[in-house]
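The sequence and the structure are shown first, and the description follows.

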Amino acid sequence: MGIGPRGFELIDLVARWIHVIAAIMWVGNSMLFNWMDRTLVKPAPGDTTGTIGTTWLLHSGAFYHVEKTALGGRGLPSPLHWFKWQAYTTWLSGAMLLVAVYWVGGRAAMEDSGVARLTHGQAVALGMFIVFGGVAVYELVQRAIAPRAPRVAEVLLGLGFVAMVIVATRMLNGRAAFLHIGAMLASIMAGNVAMTIVPSQRELVKSVNSSGSADPVISARAKRVSIHNNYFTFPVIVLMVSGHFPSLYAGRAPWASLLVLVIAGAAVRHVLNTRFSFAAWRVVLGAVLVAATVALYVLMTLPARVVGAAVGAPGEEGLPAVVTFAEARRVIDRRCAACHSMTPSDLSFGAAPAGVMFDTPEQIASHLGRIRERAVVTRTMPLVNKTNMTERERLLIGRWIEQGGKTAP
Ligand code: HEC
């Protein structure tokens with residue numbers, strides 16, 4: 001007995017719930033520690049206690065005094081709290097989701113014949129290459145090149161990232177492409193925790209045990225990759241929720257939309273990171289937000305790959321001048337109701353994906369705008385055109401909605 005669509009839906013729910021909670025904890029910790037590093041007050045000159053900085057916090061009705069310290073010969077304190085399971089839980093639950101939703105469970109499309117002709121197996125292999133290949137390239141560049149030529153390493157990683165984005169958006173379903181690039185960045189972050197930060201913390205503990213103090217060289221290495229992680233957080237979060245925005249992932253230039261999201265996320269992080277020593281940060285933050293919003297607006301409103309439904313547009317020959325509800329409904333019944341129904345015949349997504357049903361005229365009428373958006377403009381429905389909707393049918397639906405989308409005769 002296989003797991004079946006209901007089983008995958010349940011795995012999706014449980015893994016997603018855990019994933020979001022663990023990610024909030026991981027990112028929350030990362031933000032708080034980076035924030036503390038930038039607000040610490042340095043000790044008075046001549047201090048020999050090993051203090052690097054201190055700060056006062058007020059939270060939930062109490063004062064907290066935090067000291068960052070190299071321990072100054074005090075030896076290892078106990079108990080000592082490590083932060084790593086938040087990262088590992090986030091990655092493990094995310095990997096489970098990727099498998100249950102995209103690779104095996106069939107809850108979302110990997111391949112898309114409108115983008116490239118790949119079998120499901122080929123698309124999954126490419127998805128694995130993006131996630132694990134991305135981590136491998138990052139680790140290789142970090143270890144082999146970055147210690148000697150940090151600038152060269154940065155340029156290589158930047159170019160490699162753009163190449164991955166182009167490959168992903170040219171070969172996979174747009175939604176899957178965005179998600180896999182997000183999974184790649186997130187796996188690099190988890191890899192940084194598992195392969196650099198935690199091992200150097202072990203070395204740090206060893207150096208304290210042997211000398212009583214922390215070796216600053218070891219601390220610096222962990223800090224460097226943790227700053228990378230800090231810059232990746234905002235881009236990863238937006239990529240993880242990008243599946244709700246078909247105008248971006250299925251627009252005219254998905255690769256450009258993806259790069260705008262990633263660059264804007266990292267730029268906002270940068271401004272927030274540097275704001276303590278940068279007087280004009282509010283102006284720059286505003287400029288980044290406006291520029292990113294304008295760029296996304298332009299990308300979302302670029303003419304779609306399909307011409308609109310105006311009478312006389314190319315490909316419209318033979319369409320009735322006035323489209324009746326009966327004609328539109330026949331198309332919806334034929335191409336959409338397999339999934340969007342109280343009693344769907346295609347159960348791979350469970351009943352009525354996204355809660356959308358087209359069983360009655362009222363249900364159809366209440367979704368006109370989204371029907372046009374998904375079936376006519378972005379052409380992201382039917383999902384990977386599983387029901388073989390024709391170009392003419394899209395234009396017909398488009399014209400019917402353009403003419404008011406009336407469901408009464
Ligand atoms: C093979 C199954 C399948 C078919 C056929 C299908 N859909 Fe969907 N639909 C989905 C899934 C899965 C989702 C949720 C994921 C998403 O939004 O991409 C969805 C979500 C939607 C949504 C809600 C999300 C939003 O963007 O507002 C609308 C509207 C929609 N589909 C319209 C249509 C229309 C119109 C058709 C027919 C032309 C259609 N679908 C055919 C599977 C299908």
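## The crossing of α6 and α8

In this predicted model, helices α6 and α8 cross with a right-handed sense. Helix α6 comprises residues 216-240 and helix α8 comprises residues 254-274; the two pack at an angle of about 140°, and their axes are 8 Å apart. Helix α6 is therefore oblique to α8, because only angles over 145 degrees would count as roughly antiparallel.

On the side of α6, the contact is formed by N230, Y231, T233, F234, P235, V238 and L239. Helix α8 contributes L258, L261, V262, G265, A266, V268, R269, H270, L272 and N273. By type, the residues of this contact comprise 11 nonpolar, 5 polar and 1 charged.

## Nonpolar cores

In soluble globular proteins, nonpolar side chains tend to be buried together. In this model the largest nonpolar core contains 54 residues. Those with the most contacts inside this core are Y102, M110, I130, F161, I181, L239 and L258. Helix α5, residues 174-211, supplies the largest share of the core, with 15 residues.

The surroundings of I181 illustrate how parts of the chain meet. With neighbours within four places in sequence left aside, I181 is in contact with I130, F161, M164, V165, A168, L239 and L258. Of these partners, L239 also belongs to the α6 side of the helix contact described above, and L258 to the α8 side.

N192 lies in helix α5 and is buried, with a relative accessible area of 1%. Residues up to four places away in sequence not being counted, N192 touches Y138, E139, I197, V225, H228 and N229.

T89 is located in helix α2, which covers residues 85-103. This residue counts as partly exposed, since its relative accessibility is 29%. Apart from neighbours within four places in sequence, the contacts of T89 are with I18 and A22. Between T89 and S211 there are 122 residues of separation in sequence and 34 Å in space, taken from C-alpha to C-alpha.

## Backbone features in two loops

Most residues other than glycine have a negative phi, and most peptide bonds are trans. Where does the chain depart from this pattern? The loop between β2 (62-69) and α2 holds P79, and the peptide bond from S78 to P79 is cis, with omega near -5°. L71 is placed in the loop between β2 and α2 as well. Although L71 is not a glycine, its phi is positive, at about 75°. L71 is buried, with a relative accessible area of 13%.

The loop between α12 (368-377) and α13 (391-402) contains P382. The peptide bond that joins M381 to P382 is cis, with omega near -10°. N388 is found in the loop between α12 and α13 too, and has a positive phi of about 55° although it is not a glycine. Whereas L71 is buried, N388 is exposed, with a relative accessible area of 54%.

Conventions: Residues numbered from 1 in each chain as written. Predicted model: local features only at pLDDT ≥ 70, side-chain atom pairs only at ≥ 80, totals over all residues. Heavy atoms only, no water. Axes fitted to C-alpha atoms, helices over the stretch in contact; angles between N-to-C directions. Helix = DSSP H or I, 4+ residues; strand = E, 2+ residues; numbered from the N terminus. Parallel < 35°, antiparallel > 145°, perpendicular 65-115°, else oblique. Left-handed = near helix turned anticlockwise from the far one by under 90°. Contact = heavy atoms within 4.5 Å. Nonpolar A, V, L, I, M, F, W, Y, C, P; charged D, E, K, R; others polar. Core = buried A, V, L, I, M, F, W, Y, C linked by side-chain atoms within 4.5 Å. Buried < 20%, exposed > 50% of the residue type's maximum accessible area, 1.4 Å probe, protein only.
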